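Student: I am new to this structure. Please show it to me, and then let us talk it through.

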Protein chains: 4
Amino acid sequence: MASSKGKVLLAYSGGLDTSTILAWLIDEGYDVVAFMADVGQEEDFEVARSKALKCGAKDFILEDQKREFITELIYPAVQANAIYEDVYLLGTSLARPVIARGMIDAAAKHGCQYVAHGCTGKGNDQVRFELAFYGLKPDIKVIAPWRDPAFYNRFAGRSALLEYAESKGIPVTQTKSKPWSTDENLFHISYEAGILEDPNTTPPADMWKLTNSPETAPDQGEKVQITFTKGVPTSVKVASTGKEHTDAVDIFFTLNNLARLHGIGRCDIVENRFIGVKSRGCYETPAGTILRAAHIDLEGLTLDREVRRVRDQIVTTKFSEQLYYGMFFTPECKYVRSCIPGSQATVNGTVSLKLYKGNTIVEGRVSQEQLYDEKFSSMDELGGFKPEETTGFIEVNAIRIKRYGVGQAEKGKGGSSLKAAYALE
Amino acid sequence: MASSKGKVLLAYSGGLDTSTILAWLIDEGYDVVAFMADVGQEEDFEVARSKALKCGAKDFILEDQKREFITELIYPAVQANAIYEDVYLLGTSLARPVIARGMIDAAAKHGCQYVAHGCTGKGNDQVRFELAFYGLKPDIKVIAPWRDPAFYNRFAGRSALLEYAESKGIPVTQTKSKPWSTDENLFHISYEAGILEDPNTTPPADMWKLTNSPETAPDQGEKVQITFTKGVPTSVKVASTGKEHTDAVDIFFTLNNLARLHGIGRCDIVENRFIGVKSRGCYETPAGTILRAAHIDLEGLTLDREVRRVRDQIVTTKFSEQLYYGMFFTPECKYVRSCIPGSQATVNGTVSLKLYKGNTIVEGRVSQEQLYDEKFSSMDELGGFKPEETTGFIEVNAIRIKRYGVGQAEKGKGGSSLKAAYALE
Amino acid sequence: MASSKGKVLLAYSGGLDTSTILAWLIDEGYDVVAFMADVGQEEDFEVARSKALKCGAKDFILEDQKREFITELIYPAVQANAIYEDVYLLGTSLARPVIARGMIDAAAKHGCQYVAHGCTGKGNDQVRFELAFYGLKPDIKVIAPWRDPAFYNRFAGRSALLEYAESKGIPVTQTKSKPWSTDENLFHISYEAGILEDPNTTPPADMWKLTNSPETAPDQGEKVQITFTKGVPTSVKVASTGKEHTDAVDIFFTLNNLARLHGIGRCDIVENRFIGVKSRGCYETPAGTILRAAHIDLEGLTLDREVRRVRDQIVTTKFSEQLYYGMFFTPECKYVRSCIPGSQATVNGTVSLKLYKGNTIVEGRVSQEQLYDEKFSSMDELGGFKPEETTGFIEVNAIRIKRYGVGQAEKGKGGSSLKAAYALE
Amino acid sequence: MASSKGKVLLAYSGGLDTSTILAWLIDEGYDVVAFMADVGQEEDFEVARSKALKCGAKDFILEDQKREFITELIYPAVQANAIYEDVYLLGTSLARPVIARGMIDAAAKHGCQYVAHGCTGKGNDQVRFELAFYGLKPDIKVIAPWRDPAFYNRFAGRSALLEYAESKGIPVTQTKSKPWSTDENLFHISYEAGILEDPNTTPPADMWKLTNSPETAPDQGEKVQITFTKGVPTSVKVASTGKEHTDAVDIFFTLNNLARLHGIGRCDIVENRFIGVKSRGCYETPAGTILRAAHIDLEGLTLDREVRRVRDQIVTTKFSEQLYYGMFFTPECKYVRSCIPGSQATVNGTVSLKLYKGNTIVEGRVSQEQLYDEKFSSMDELGGFKPEETTGFIEVNAIRIKRYGVGQAEKGKGGSSLKAAYALE
């Protein structure tokens with residue numbers, strides 16, 4: 001073709017959808033560079049490379065982003081106890097900023113004016129990718145074929161995709177797709193759509209890919225000790241092997257393997273997407289589930305109560321929502337992230353855990369930090385302060401409460417009916 | 001003695017401490033009425049009665065408060081997803097307002113000017129009892145012997161208590177006390193103090209009283225369906241028995257028995273007491289653990305996202321803290337409780353669960369509420385809205401983010417270094 | 001025309017824009033009914049009526065919504081101390097739900113399938129109107145010409161509008177428009193756009209329409225007493241007239257007139273619109289400014305501290321944002337509104353104020369509620385509690401703080417360098 | 001006396017109370033060093049020195065803490081928009097940490113094992129002093145005579161104090177005390193107690209010391225321009241003098257003088273003390289009132305909306321409460337303070353103000369920060385984004401809201417009664 005409309009960096013997965021998009025973009029007059037991030041998903045990257053090139057890609061870029069994913073995204077999330085709607089550990093959300101950053105870098109390097117992705121028009125990922133693109137490069141141009149009527153009307157339904165693939169000589173590896181969608185990286189795998197769209201359908205046993213079920217996990221549990229330094233895991237000791245792991249990536253994969261074996265990290269929820277629809281998702285987050293439990297436990301021992309209260313309200317809640325909504329490269333997320341370190345200075349110590357058939361059981365914790373003090377806490381001895389001082393504490397706390405009670409009584413709600421004063425109408 | 005100093009209603013447990021306090025109060029010139037609340041703890045109340053009377057109590061009052069405990073305290077906590085510091089389900093905290101209310105009623109009925117309790121001067125329970133007393137009856141007089149030097153200096157150490165008991169002919173049932181303290185009711189049991197004061201000591205296997213361990217739980221799990229109406233459980237169907245339970249108390253005990261059998265509800269944490277010391281506690285909360293998981297799951301399906309956000313921030317966080325700090329009978333707790341019903345109107349439906357060796361596994365949920373809609377959520381079909389509308393949604397959300405990026409760029413932080421704009425200094 | 005595309009209810013203002021839209025909608029094949037809400041703006045409604053009919057409207061509907069605006073929107077905002085970004089009292093935001101509700105009712109009554117408005121595509125009001133329409137009638141169809149390229153491309157610039165008006169015989173009253181836009185209702189007037197878009201331009205003195213400037217206000221101030229019942233103003237006594245006003249609308253207009261005279265209620269801010277751009281706005285909110293000051297003052301006397309803390313965090317912040325973002329008819333706003341009454345039960349009493357040249361000066365307040373108690377508060381006498389009890393209160397509050405200090409000292413940050421422990425790095 | 005009980009550093013004010021305490025401590029067997037902080041209060045320090053020495057003090061220490069008060073306490077409070085209960089600008093609260101730190105330093109230098117203060121047992125200041133002492137030096141011993149029955153029973157009432165002073169030869173300067181108490185520093189003066197304890201008593205005109213009343217302020221206003229750098233004022237230009245002030249202390253005093261002249265900074269509230277009683281206080285905070293208004297205004301122009309939301313929720317609210325409750329030297333306040341700088345990086349620019357008879361009127365603002373952009377904001381031109389994109393934004397925001405409406409309709413609350421769905425029961 002004489003003149004290209006420009007160069008597009010496409011987030012390529014190797015699957016039918018993005019292969020079709022790749023070929024279609026070329027049809028539309030673009031030059032396309034295929035980009036693939038290695039964030040720990042199970043994938044034959046060489047197969048993907050040759051497929052992309054076969055589809056007509058000018059180039060295929062594979063970026064190993066595993067370490068930055070762990071150290072720059074996952075560990076801050078551990079420090080923050082990040083969780084969405086009490087259940088979801090944000091595995092897809094955490095990978096998106098890393099991949100988007102890799103794409104913006106690659107787009108600059110390869111002279112692409114456009115970035116494109118294969119996300120659907122109803123999900124969170126389109127938002128996460130695009131807001132990250134715009135945050136990193138406000139003038140980048142985005143192509144989202146699944147929101148373009150020219151594309152989505154033409155490729156409505158799997159058969160249209162298959163037919164087009166055949167016409168373009170694109171090899172289709174899976175003749176029959178699974179009745180759900182997945183997104184996998186080293187932190188988690190998600191399952192949604194298809195048969196899962198009925199929230200009352202129990203996921204089939206063979207859906208779960210990363211972890212054993214609690215039922216099939218070994219009868220013999222495992223013991224591990226995780227040491228945190230300023231809230232980040234810096235050592236894992238495994239009882240059965242006697243080995244200690246200290247490299248950030250090694251720590252993560254060690255825990256991941258143990259958790260997969262012992263059936264840890266599954267969940268199944270109906271969550272609220274950013275665009276305002278509810279969505280059913282199933283997830284496996286093996287290492288992340290252990291790390292969250294261990295980190296929360298150590299904070300119990302080492303974090304001041306009121307620091308924790310403030311942090312919970314602001315960092316945990318906000319950072320989780322920002323991640324889920326795709327707001328990582330925003331001023332507010334930068335601000336919230338700047339509030340993490342101040343909360344983690346004392347989160348140093350070691351947590352002992354037993355992993356057994358889906359359970360992460362805390363068995364003990366120890367720290368050189370001195371906020372816990374047996375002398376103060378002990379019920380068995382005096383120490384730290386005089387018991388009668390607590391009387392003053394209670395009496396002063398009661399001033400306001402008594403005053404309210406007296407006021408209620410004076411309004412005819414007192415005496416035997418004061419109890420009624422606390423009944424809800 | 002010719003004239004009494006007045007009449008005291010004593011929160012009596014039947015143990016060595018409160019028996020000693022009972023006798024000592026009589027020594028000090030008070031008439032004493034012993035009060036015992038049946039909140040579902042395992043206890044021989046008749047033994048306690050005869051012991052109290054033997055110690056010199058003028059009367060022994062046993063109040064069955066199980067139903068009100070479940071319906072007035074536990075179920076609101078379920079509606080609110082109440083939890084303290086991410087782990088503790090507030091079993092002791094929830095019982096205290098019920099018992100304190102029983103005591104204030106009994107004190108009025110029996111003409112007691114004083115209420116007394118056997119809580120130590122370092123714990124939360126003294127605060128919870130006394131603030132509840134003052135909230136309900138601002139002019140009540142409280143006697144807390146463990147904060148009175150005349151008492152605690154005299155009875156420093158177990159041998160002094162035993163010696164005094166012997167001198168008074170008080171029967172001592174346990175010659176050797178367990179190396180920890182417990183508080184039990186139908187919702188939970190707590191373990192603290194003694195050997196548990198070293199936070200790195202793993203609790204001995206024989207400490208846990210209510211539940212099987214995951215290891216000793218049956219190899220065959222159980223399936224249950226819990227139906228909630230406005231956030232309150234109103235039916236439980238048990239697969240193995242085929243029975244449906246609909247009475248509030250029956251529901252609770254049914255779940256409790258299943259959870260105990262299947263090893264559900266243990267936890268072990270270092271928590272922050274109201275008085276500002278850290279404390280290690282182990283807990284078993286069988287039914288409560290299942291109910292919390294099920295209720296959160298159903299809210300995923302039935303509660304609007306933004307209602308949930310507001311509720312989480314205010315009701316869940318505040319109500320949990322108020323319960324823990326003993327602030328139930330306060331204006332602020334009444335206010336927060338008044339904010340629960342507005343959040344639960346749509347929380348109607350049924351959750352299917354599998355209980356297996358410590359795991360509470362959600363397998364599905366269904367509701368007549370219509371906030372979830374497959375047509376909107378489906379990735380496989382158009383429906384509900386046009387994909388290209390999402391483009392506008394993303395673009396408008398990006399306005400602010402792009403503007404920030406442009407501003408950063410103009411400050412020399414743009415271009416290839418825009419990524420650096422999001423690095424923390 | 002033989003067959004209409006359908007019937008449109010148009011929010012009609014009588015100005016050039018909505019007159020053009022009216023005529024253009026007819027050109028496009030719609031039947032149009034013009035709707036005007038009387039929310040207290042200064043307007044000759046008969047002139048508007050004849051103009052609408054002249055433009056081709058099938059009907060002209062004028063709805064007097066002043067009372068519902070005051071009692072259903074403004075007074076809840078007073079109860080909640082609603083304010084946006086510390087400055088803006090939400091005058092436009094508060095009127096939109098009332099008008100939108102009036103329109104949905106009128107659309108049903110007059111068989112309109114469509115509603116239309118003349119808001120621009122960059123502002124908040126388009127969002128407020130449309131989200132309210134959809135909340136009240138999810139299947140209503142909305143026409144927003146200023147977001148329709150067919151319209152906005154044709155009518156880019158005032159001259160195109162004037163030319164079209166001339167061609168349609170639409171009378172143009174103002175030959176030269178003011179260099180800013182306004183929105184007026186009984187609660188406020190806003191000024192934005194035009195010369196105000198430079199945020200460093202001081203608004204010209206003759207812009208301000210409702211209030212005297214502090215400089216031109218009378219040298220003699222006025223005294224008023226406002227009585228609140230459950231947080232709602234139920235009486236206003238004016239010193240200079242000796243009159244008492246008790247009707248909700250009369251109260252409001254009385255305060256409005258006094259505030260206008262005494263130069264109260266102007267502000268000038270750069271605010272953050274919902275769509276993510278910053279915008280400069282100038283506002284006059286005469287009565288609202290007085291009511292907010294008086295209500296906050298009375299809450300100081302009558303509202304429990306902790307109830308206030310919870311309310312501030314949830315109701316004040318959230319309700320204000322919901323109003324600004326046009327989220328009144330949403331589940332979350334209904335929820336937040338349901339949390340207002342529980343906070344206002346004790347907000348009963350009377351505040352005395354002096355109004356003088358822009359100042360609203362609180363001079364005293366009185367209430368039958370009993371949360372304030374001179375005996376407790378007095379520095380001059382013992383009463384309520386023993387001073388030495390405060391020692392216990394302080395000591396117990398210090399436990400945690402001392403423990404942190406000791407921990408810092410043990411990390412080599414103690415002694416003379418403990419001060420440094422509180423320095424920020 | 002042969003041997004002293006130890007050495008006490010006493011916070012000395014020069015008044016009757018602390019002079020009596022000084023002499024009484026010596027009677028009790030202590031050596032006493034009198035400490036006075038110059039935090040900008042109006043005081044003849046030489047008179048105080050000779051009085052202290054005459055009372056028997058071993059030494060008199062005067063510490064000039066004005067600059068640190070302004071730069072380390074007041075300016076962070078300005079950055080945080082700190083305010084207590086919507087009204088009080090925390091003048092006393094802000095001075096206490098500085099004075100306490102001066103005392104702990106002086107105690108170390110002069111070998112004092114004790115620190116003492118003359119605060120009453122019902123107020124906030126005792127808590128603020130003592131928690132600061134303990135935070136800085138956990139093992140310091142505190143003497144609080146007004147909470148010691150031996151002292152407060154002996155000196156109940158002013159006549160006992162006067163009699164004792166006479167017996168000790170302590171000169172009493174004021175024969176008749178004012179019918180209220182004050183606390184003055186460069187930031188503010190407070191008035192409380194005495195006749196002010198009736199919250200309905202209007203403060204007498206001659207009470208106010210620092211500021212003109214709006215009525216007596218000049219008829220001619222003043223214009224000033226305040227420049228902030230990272231949220232801290234770094235320049236003030238005064239129109240009438242043409243002078244620019246750039247030193248931190250000079251800036252503050254310049255604004256203080258202007259505000260005093262123009263009647264700015266008075267308030268009168270009933271507030272909630274930390275110990276749980278309500279208290280009426282009147283305050284004058286001249287420069288602080290101007291700085292808060294100017295800082296908030298500049299944030300409107302320069303701070304991202306969502307950064308502001310997070311900051312408001314956490315820093316503004318928490319820091320204000322921590323200051324009021326005396327929690328400056330605590331881990332949680334250190335944490336919250338660490339969250340200030342991240343929010344102020346862009347708060348750079350200049351605000352133009354007019355000061356006139358109690359009013360601080362914003363007239364304009366300008367900044368090199370680029371978050372405000374006329375092109376985006378302008379109503380008069382297209383620019384920045386396409387109007388039709390807003391349709392998508394609104395439609396997607398409406399998904400959730402429509403879905404709720406449909407759900408309501410299906411529950412029989414729809415159609416003409418959907419309006420009722422938003423009515424509160």
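Tutor: Start with a term. A polar contact is a pair of N or O atoms within 3.5 Å; within protein, one must be able to donate a hydrogen and the other to accept it, and residues adjacent in sequence count only if both atoms are side-chain atoms. This is a predicted model: local features need pLDDT of at least 70, side-chain atom pairs count only at pLDDT 80 or more, and totals for chains, interfaces and linings use all residues. Residues are numbered from 1 along each chain as its sequence is written, chains are lettered from A, and side-chain values use heavy atoms, without hydrogens and water.

Student: How many residue pairs are in polar contact across the interface of domain 1 and domain 2 of chain A?

Tutor: The bounds come from an automatic or database domain assignment. Domain 1 of chain A is 7-64 + 90-174, and domain 2 is 195-371. With both residues at pLDDT 80 or more, the pairs in polar contact across their interface number four.

Student: Which side chains meet in a salt bridge?

Tutor: A salt bridge needs a side-chain nitrogen of Lys or Arg within 4 Å of a carboxyl oxygen of Asp or Glu. The count between the two domains is one. At 3.6 Å, N to O, a salt bridge joins K209(A) and E42(A).

Student: What area is buried between domain 1 and domain 2 of chain A?

Tutor: Buried area is the accessible area (1.4 Å probe) that two parts lose on being put together, summed over both. Carbon and sulfur atoms give 67% of it here. The total is about 1300 Å².
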